[in-house]
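Subject: Structure for your files

Hello,

Here is the structure you were waiting for. My notes on it follow below.

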Amino acid sequence: MYHYYYEHKKEELNDLSDFELMFLRNYVYALHGYEFQNEELFAIFSMFSWYYPQGWKNETIDDELSEKEKQLINDILELEKSRGE
């Protein structure tokens, strides 16, 4: 597994654009093999050689996430919600 982020501070996420937040949130899932139904996300992540979609994992993908990954995703979702996403 890739070590793709550092210990984030919630406040640091404020500096990211809406697109960057969406990308980072979905990047975590892409690393675990989530197969995106959204054509734009599928196209974006398909550009990366490490992206190997495994649709059979979609329903249980949350079980594979580490606590740090879950916290990052939750922090991003909270910020997106506060921005009206």
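A residue counts as buried under 20% relative accessible area, exposed over 50%, and partly exposed in between (1.4 Å probe, protein chains only). The model is predicted, so local features need pLDDT of at least 70 and side-chain atom pairs count only at pLDDT 80 or more, while totals for chains, interfaces and linings use all residues. Residues are numbered from 1 along each chain as its sequence is written, and side-chain values use heavy atoms, with hydrogens and water left out.

Aromatic rings

The structure holds 15 aromatic pairs. One of them joins Phe42 and Tyr51, edge-to-face, with 6.1 Å between the centres and 75° between the planes. Rings of Phe, Tyr and Trp (its six-membered ring) pair if their centres lie within 6.5 Å; planes under 30 degrees apart count as stacked, over 60 as edge-to-face and the rest as tilted. Phe42 is partly exposed, at 32% relative accessible area, whereas Tyr51 is buried at 7%. Both belong to a cluster linked by ring pairs, whose members include Phe19, Tyr34, Phe45 and Trp50.

Lys57

Lys57 sits in the loop between α2 (39-46) and α3 (67-82); helices (H or I, at least four residues) and strands (E, at least two) are DSSP runs, numbered from the N terminus. Lys57 counts as buried, because its relative accessibility is 10%. A polar atom of its side chain lies 2.8 Å from the backbone oxygen of His32. Not counting residues up to four places away in sequence, Lys57 touches His32 and Glu64, where contact means heavy atoms within 4.5 Å.

Helices α1 and α3

The axes of α1 (residues 18-31) and α3 come within 10 Å and cross at roughly 150°. Axes are lines fitted to C-alpha atoms, for helices over the stretch in contact, and angles run from 0 to 180 degrees between N-to-C directions.

Arg83

Arg83 lies in the segment after α3 and is partly exposed, at 31%. Leaving aside neighbours within four places in sequence, its contacts include Leu13, Ser17, Asp18 and Leu21. Arg83 and Glu64 are 19 residues apart in sequence and 28 Å apart in space, C-alpha to C-alpha.

Regards

How values were computed:
A polar contact is a pair of N or O atoms within 3.5 Å; within protein, one must be able to donate a hydrogen and the other to accept it, and residues adjacent in sequence count only if both atoms are side-chain atoms.
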